[in-house]
Amino acid sequence: MKNDATIDIDIKRAPSSKIDSIDFENLKFGHTFTDHMMTCDYEDGAWQSPKIVPYGPISLEPSAKVFHYGQAVFEGMKAFKDDSDKIWLFRPDENFKRINKSANRLAIPEFPEEHFFNALEALLKLEKDWIKKGFGNSLYIRPFVIATEPGVLASPGTTYKFMIICSPAKSYYNGEVRVKFSEKYSRAADGGVGFAKAAGNYGAQFYPTNLAKEEGYQQIIWTDANTHQFLEEAGTMNIFFRIGDTLITSPTNDRILDGITRKSLMTLAKEFNITVEERRVPVQEIINASKAGTLKEIFGTGTAAVINPISGFGYQGEKHELPKLSDSYASFFKDKLMKIQYNLAEDKFGWRHLVS
Ligand code: COI
């Protein structure tokens, strides 16, 4: 990760902090934002100098392309504070690479590495008091890029804004998560943008997810668009199935997000000799395993949710419950991963990055 101090970052401090009014024990995910944000404009064919300014509304013309053609990508990252007040990021290089991969697919100009890391670190230092100590507390970081050029001609913008906003967080999901296996709607198709963190990938899920909610599910497990016979990804997470003692997850491809938590779990699984089969996951195999009692777990992985167990699922009108395990892989890997993130365990793979 590059950290080149030659990039100037203009910092305009907020006149006062709202931190004292925040109830950090009762945070609703993604609702509270810190005092400052990073903003950087793309103009005249180049990214200009990043700025840190007080968090607040931005002004865009109603014809800005992001509103009409959805030219927008984002990332999700987290910062953690250890017991000696050091601040850590988890595999930030991966987020940086992925936002540019997503940007490329949406015809958005790539953001420079120095700008990203220098601005992010400057912002985190300014917001250090918003990162609370303690297992489970984090600062959720949302970098995003939008096309700001006014005009409704359907073509890529020539001006953009790259911004980073930060939100103190505890857990993403509260309570049990039940999922519905999709039988009709699709999240992504071959040759599409499923692998990218394109804003539209998430917006397009809201309607089918609302329908699933009416039936008592919190999320959908998306099946492949062609046959709906293979399980691919959950709405905000990658997905793992445990049959017996083996984990199965769909391989990444142009329909599936290359999740950082997903690949970290797979690396940890190798270390602990837990088999992960990366292959297509037929719906029927999971139904059969559920009926035979060999389906032990389903869990999702993602930055916001970390590792989230699924308590049951529905398919073709039938409800399936998953057993409650005292030795679940979901809790095992969540604990291992979080201990690395919070500097409570050895970082064998060099995943932790100190903000200094
Ligand atoms: C994340 O896990 O960081 C994501 O980007 C998912 C988001 C929809 C909360």
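**Notes on the fold and its strands**

1. Starting in the sheet: strand E5 (residues 72-74) and E8 run antiparallel and are joined by three bridges. Pairing here takes at least two DSSP bridges between two strands, and the strands themselves are DSSP runs (E, at least two residues), as helices are (H or I, at least four), numbered from the N terminus. Within this pair, Ala72 has Ile146 in E8 as its bridge partner.

2. A word on what we're looking at. This is a predicted model, where local features need pLDDT of at least 70 and side-chain atom pairs count only at pLDDT 80 or more, while totals for chains, interfaces and linings use all residues. Residues are numbered from 1 along each chain as its sequence is written, and side-chain values use heavy atoms, with hydrogens and water left out.

3. Back to E8, which spans residues 138-147. Nine of its 10 residues are buried, meaning under 20% relative accessible area, with exposed being over 50% and partly exposed in between (1.4 Å probe, protein chains only). E8 also runs antiparallel to E6, with three bridges joining them, and Met77 stands opposite Ile141 in E8. With strand E9 (residues 160-169), E8 pairs over 10 bridges, again in the antiparallel sense; Ser138 has Ala169 in E9 as its bridge partner.

4. Follow E6 (residues 77-81) onwards and you get to E7, its antiparallel partner over three bridges. The two make a hairpin with five residues between them, and Phe80 stands opposite Trp88 in E7.

5. What do the side chains of E7 (residues 87-90) do? Ile87 and Leu89 point one way, Trp88 and Phe90 point the other way, and all are buried.

6. Two more backbone spots to check. Most residues other than glycine have a negative phi. Val306, in strand E18 (residues 306-309), has a positive phi near 60 degrees, and with 11% relative accessibility it counts as buried. Asn343 likewise has a positive phi, near 60 degrees; it sits in the loop between helix H8 (329-341) and strand E21 (352-355) and is partly exposed at 27% relative accessibility.

7. Trp222 belongs to strand E11 (residues 219-223) and is buried, with a relative accessible area of 2%. Its C-alpha atom is separated by 22 Å from that of Lys101, 121 residues apart along the chain.

8. Zooming out, the chain has eight helices and 21 strands. Its radius of gyration is 21 Å, close to the 21 Å that the globule rule gives for 356 residues, so the chain is as compact as a globular protein of that length. (The radius is taken over C-alpha atoms, and the rule is 2.2 Å times the number of residues to the power 0.38.) The C-alpha atoms fill a box of roughly 60 × 55 × 35 Å along the principal axes.

9. Buried residues make up 53% of the 356 in the chain. Of the contacts (heavy atoms within 4.5 Å) between residues at least 6 apart in sequence, 73% join residues at least 24 apart.
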